[in-house]
Amino acid sequence: MTQSSPGESGASSNSGEGDSGELSAGVTRYALGMLTLAYAFNFIDRQILVILQQSIKDEMGLMDWQLGLLSGFAFALVYVSAGIPIAYWADRGNRRNIIAIAVTVWSGMTALSGFAQNFGQLLMARVGVGLGEAGGSPPAHAMISDYFPPERRASALGFYSAGLHFGIVLGFLIGAVIEEMLGWRAAFMAVGLPGVVFALVFFFTVKEPERGRFDGADAASYKPTLGETFRVLVEFRSFWCIAVGCGLTAFGGYGVGNFLPPFMERTHELTGLTLGIVMAIGGGGAGLFGTLMGGRISDSLGTRDRRWYLWLPAIAGTMAFPLIIPMLLWGDVMVVVPLMVVVTALTNTYLGPCLATCHALVPPSMRALTSAILFFVLNLIGLGMGPLTAGLLSDHFTELYGVDGLRYALLCVATISATGVFMFVLGAKYLPGDFERRERLLAESR
């Protein structure tokens, strides 16, 4: 961290691209709202496949492992690969412009998914969606940390992260309604094309904030290389515990969550709009509540002890696991849906606190890349392996247990996911020492 001193350049870290003046409360709220809407479009386009996959499977004659590949591994592979170079660009360039381009790409590729005639074409379209979405969250996380001071970041990042659940709600509802009326191809086009229009509005109305507004001139002007950022993160054991903990939590979130619609359809015979409403409430709505509460509660408790930012998701995960078992094994849908609501809310408290903690550990010009590396681990383990593992296990267990095969596959995935609790506890143990190490590293860079 000594190769490039903060004092070497008198230029702004934004190279004139950011708004160096004070930003009003209205401007920051509008920007947070637009960033959250962008994230909602991100997840509408990502998760629309989940509610449509049974129809796609029936028409194209796919296996569950192919559904897992489409909704998970293939998407995640390009998403995590492109995320790091795009984030490195975002730590130096105009983050608003990068996000506008990203929204245009992923929305356009979602619309093109509706024209796919076979598995290979749909796979390539999903790869295109992943490429676009790689440019969404890391620049947005960095912008939010420059819009809001440290004591409000977890709440702001939690609000932003709730956009994914808002997107899931809309994706499930819109997908279910349009599929029932016009078919699954029309559903892809209906959610993809509005995103292109939104990208234009975002580009012309959202302000790029000054980088490092709350971190001092030295920290703001410091421009580390890619290698320096990795070397700094290697020093922070808590960061890697957080990354793996998030990945294991997301392993269950994506692995179980992506197969809940076909599970409810095959096991509990829910279809059409009824299925869309159940998934919107039990999946998206509950997740939105949990994400918002995770950010707010951790900001409140974190003023006393920063370790609460990791203790909170550990406690929530511990409470959730005993409820997952009856959620997957109970035969009465009237019991299953309320359990789904509680489990989803609890298992989605982690993202805002974990992002805020990671951003607090690093200088402003490392934040987009830090988010990208965090999301690399999170999505490789969670989005990449969760749905694929669930699909492979489902195909195996279905041969043995018939329609109940998916039930047992999801129970295995949830059990693996629960081990993320231990990583959050371990990260909290390392956190005080890592904050002391952060101050020493910053002092050495001056």
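Guide: V177 counts as partly exposed because its relative accessibility is 33%, where buried means under 20% relative accessible area, exposed means over 50%, and partly exposed covers what is in between, with a 1.4 Å probe and protein chains only. This is a predicted model, in which local features need pLDDT of at least 70 and side-chain atom pairs count only at pLDDT 80 or more, while totals for chains, interfaces and linings use all residues. Residues are numbered from 1 along each chain as its sequence is written, and side-chain values use heavy atoms, with hydrogens and water left out.

V177 is found in helix α6; helices here are DSSP runs of H or I with at least four residues, strands are runs of E with at least two, and both are numbered from the N terminus.

One member, I281, has its place in helix α12. Residues up to four places away in sequence not being counted, I281 touches A286 and V341, contact meaning heavy atoms within 4.5 Å. I281 and A40 are 241 residues apart in sequence, and their C-alpha atoms are 16 Å apart in space. The loop between α11 (260–268) and α12 holds E269, which is exposed, with a relative accessible area of 66%. E269 is not a glycine, yet it has a positive phi of about 60°; most residues other than glycine have a negative phi.

Aromatic side chains come next. Rings of Phe, Tyr and Trp (its six-membered ring) pair if their centres lie within 6.5 Å, and planes under 30 degrees apart count as stacked, over 60 as edge-to-face and the rest as tilted. By this rule there are 10 aromatic pairs. F198 and F202 make a tilted one, 6.1 Å from centre to centre and with 45° between the planes; they lie four residues apart, about one turn, in helix α7 (residues 184–205), and both are buried. The rings of W308 and W311 have centres 5.3 Å apart and planes at 90°, so this pair is edge-to-face. These two tryptophans are three residues apart in helix α13 (residues 308–329), which separates them by about one helical turn; W308 is partly exposed at 26%, as is W311 at 27%. Ring pairs also link Y39, F43 and Y160 into a cluster.

R96 lies over the face of F203 at 5.2 Å from the ring centre, and R306 over that of F435 at 3.9 Å.

The structure holds seven salt bridges, each a side-chain nitrogen of Lys or Arg within 4 Å of a carboxyl oxygen of Asp or Glu. One of them joins R95 and E208, at 2.8 Å from N to O. It links distant parts of the chain, with R95 in helix α3 (residues 95–113) and E208 in the loop between α7 and α8 (217–221), 113 residues apart; both residues are buried. D146 and R367 meet in another, at 4.0 Å from N to O. Since D146 lies in helix α5 (residues 137–147) and R367 in helix α16 (residues 367–401), this pair ties together parts that are 221 residues apart in sequence. D146 is buried, with a relative accessible area of 0%, and R367 counts as buried at 1%. R407 forms a salt bridge with D404, their closest N and O atoms being 3.2 Å apart; R407 is buried at 10%, whereas D404 is partly exposed at 25%. Salt bridges that share partners join R95, D146, E208 and R367 into one network.

Conventions: A charge sits over a ring if NZ of Lys or CZ of Arg is within 6 Å of the ring centre and within 35 degrees of the ring normal.
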